[in-house]
Amino acid sequence: MRENARVTSSYKGDYQELVDEISELLGAPATLENRNFELIAFGAYDSEGDLDPSALDPVRTRSILTRRSTAAVRHWFEGFGITRATGPVRIPRTPEAGVYRGRICLPVRHRGVVLGYVWLLDYDPGPTDRQLAAAMLVTGRIGALLADEAQHGADLTRELRAVLTAEPGWPRDMAAAELRTALGARADGPHTVVCVAPWPSADPDDAPSVRTLPGARALCVIPWGGGTSPAFKALGETGQSLVLLVGLRSTDTLTPAVSAATRLLERAGASGAGGAGRAGAGAGGASAQDGTTGRDGGPGRSTAGGGVAAGIAAARTGLDELGTAWAEASAAARAALAEPRLGPVARWAAIGPYRLLTGLPPEAAHDPALHGLLSPAHRELARTAEVYLDCAGQAGRTAAELGIHRQTLYYRLSRVEQLTGLDLDDGEDRLLLHMALKAARL
């Protein structure tokens with residue numbers, strides 16, 4: 001059993017304590033970011049000067065609220081040599097870049113490698129050289145912690161991937177044992193699994209840090225066959241998905257998983273799956289996904305979350321059903337991509353009939369009776385039939401939903417019957433048509 005699999009104390013709590021220590025040493029609030037400018041901890045410091053509105057310039061505000069900086073901000077600050085510095089770096093105020101207050105950057109290094117940055121707003125008269133030297137000693141402890149977590153997180157990534165994909169040469173039960181050992185007592189607590197798909201990159205270095213996600217225990221990127229939607233055709237026959245193991249306080253609430261899923265959707269959108277990231281002088285370049293949803297143009301078209309969706313499995317205690325949880329999260333993501341009203345973050349418990357439909361083989365969407373109806377020429381008829389069945393066969397509700405006259409609705413339904421050979425007054429025929437239309441979305 002390797003040494004780095006041991007359980008360490010809560011990294012998040014350790015970082016917070018160290019950043020608070022620096023804030024006390026310097027008499028000013030400090031923030032800690034990793035080398036990718038993702039916020040790890042924010043140290044508050046109680047002083048009247050901190051209430052000055054000028055302290056909340058756009059870069060600082062967005063970094064704290066979104067926990068991530070844009071590529072433009074990163075490039076601008078790195079231009080002052082912070083990646084090479086071994087001591088404090090003063091950065092002047094530049095209002096045109098959104099930096100209304102000067103900064104002091106304390107590079108966080110471990111064995112000569114920069115792993116992050118501690119930031120504080122410069123002030124008059126500013127910290128003394130003795131204060132800064134004391135703060136730099138604390139950054140050394142942060143660097144050691146970041147290095148330890150990086151190694152620990154990489155190991156958990158390998159183990160989680162092995163559990164879910166059963167890598168050749170490494171049995172799944174062995175991988176599960178390794179993961180359980182690494183998590184220690186936390187392995188027996190409540191968990192859930194989040195799936196975000198399609199994930200824009202198979203490169204592990206493009207995945208976010210576990211420490212930037214609430215409740216995260218481990219994450220990995222694995223192949224994911226997501227069907228024939230346009231989003232997946234753009235990625236090839238099989239896309240990639242990001243899988244996140246999230247610890248919960250109890251099995252009664254999935255709030256940490258929802259928060260993490262939302263943040264991952266922002267990251268996926270900024271990385272290119274849902275649109276190009278914006279470059280600007282602010283932090284947290286990805287914006288929140290628009291939660292507005294509605295009916296799309298017909299079976300098979302996906303509009304949820306700009307082509308990216310997240311699924312959350314039911315909560316469980318322990319890791320014995322990790323494979324089942326992954327299947328649920330994956331199915332929920334598929335459902336959210338297929339049915340915009342379910343997303344962009346869908347819980348397994350809330351996807352209704354898709355809990356069954358996602359388990360059907362792909363050929364279920366190609367029932368011979370629907371061959372003609374699902375052709376591009378009859379997209380409007382397919383949509384009419386689906387809405388009619390969603391409305392439990394109530395003509396008035398269906399006509400209102402579609403914005404058409406009842407007589408138009410009756411005409412379209414008669415055309416559906418002609419094309420399919422199904423009788424919409426027959427319960428089993430309705431069930432077949434409804435299931436096939438929903439399956440076609442997947």
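Mentor: Two residues are in contact when their heavy atoms lie within 4.5 Å. Keep that in mind for the whole protein. Among its contacts between residues at least 6 apart in sequence, 67% join residues at least 24 apart. This is a predicted model, where local features need pLDDT of at least 70, side-chain atom pairs count only at pLDDT 80 or more, and totals for chains, interfaces and linings use all residues. Residues are numbered from 1 along each chain as its sequence is written, and side-chain values use heavy atoms, leaving out hydrogens and water.

The protein has 13 helices and 11 strands (DSSP runs numbered from the N terminus: H or I of at least four residues for helices, E of at least two for strands). Of its 442 residues, 47% are buried (buried is under 20% relative accessible area, exposed is over 50%, partly exposed is in between, with a 1.4 Å probe and protein chains only).

Now the part you asked for. Start with helix α10, residues 379-390, and helix α11, residues 395-402. Their axes lie 9 Å apart, and the packing angle is about 130 degrees (axes are lines fitted to C-alpha atoms, for helices over the stretch in contact; angles run from 0 to 180 degrees between N-to-C directions). Therefore α10 is oblique to α11 (under 35 degrees is roughly parallel, over 145 roughly antiparallel, 65 to 115 roughly perpendicular, the rest oblique). On the α10 side, the contact uses R383, T384, V387, Y388 and D390. On the α11 side, R397, T398, E401 and L402 take part. By type, this contact of α10 with α11 has four charged, three nonpolar and two polar residues (Ala, Val, Leu, Ile, Met, Phe, Trp, Tyr, Cys and Pro are nonpolar; Asp, Glu, Lys and Arg are charged; the others, Gly among them, are polar).

Next, follow α11 to α12. Their axes come within 9 Å and cross at roughly 100 degrees. That angle is why α11 is roughly perpendicular to α12. From α11 come A395, G396, T398, A399 and L402. They meet R406, L409, Y410 and R412 of α12. This contact of α11 with α12 divides into five nonpolar, two polar and two charged residues.

L419 has a relative accessible area of 26%, so it counts as partly exposed. Set aside its neighbours within four places in sequence, and L419 touches A369, L373, H378 and L381. L419 and L374 are 45 residues apart in sequence, with a C-alpha to C-alpha distance of 9.8 Å.

Now the core. The largest nonpolar core has 41 residues (such a core is a set of buried Ala, Val, Leu, Ile, Met, Phe, Trp, Tyr and Cys residues joined through side-chain atoms within 4.5 Å). L179 and V193 have the most contacts inside this core. At least two core residues come from each of α4 (129-165), α5 (172-183), β6, β7 (216-224), β8 (239-247), α8 and α9 (354-357). The top supplier is α8, with 11 residues. Beyond its neighbours within four places in sequence, L179 contacts L156, E159, L160, V163, L245, L319 and L322.

T139 sits in helix α4. Its relative accessibility is 2%, so T139 is buried. Leaving out neighbours within four places in sequence, T139 contacts I22, L106, P107, V108 and V118.

Last, look at the backbone. A cis peptide bond joins A197 and P198, with omega about -10 degrees. P198 belongs to strand β6, residues 190-199. Another cis bond runs from G343 to P344, with omega near 5 degrees. P344 is in the loop between α8 (322-338) and β11 (345-347).

Two residues other than glycine have a positive phi. For F37, phi is about 65 degrees. F37 lies in the loop between β1 (30-34) and β2 (39-43). F37 is buried because its relative accessibility is 1%. For R111, phi is near 55 degrees. R111 lies in the loop between β4 (103-110) and β5 (113-121). R111 has a relative accessible area of 78%, so it is exposed.
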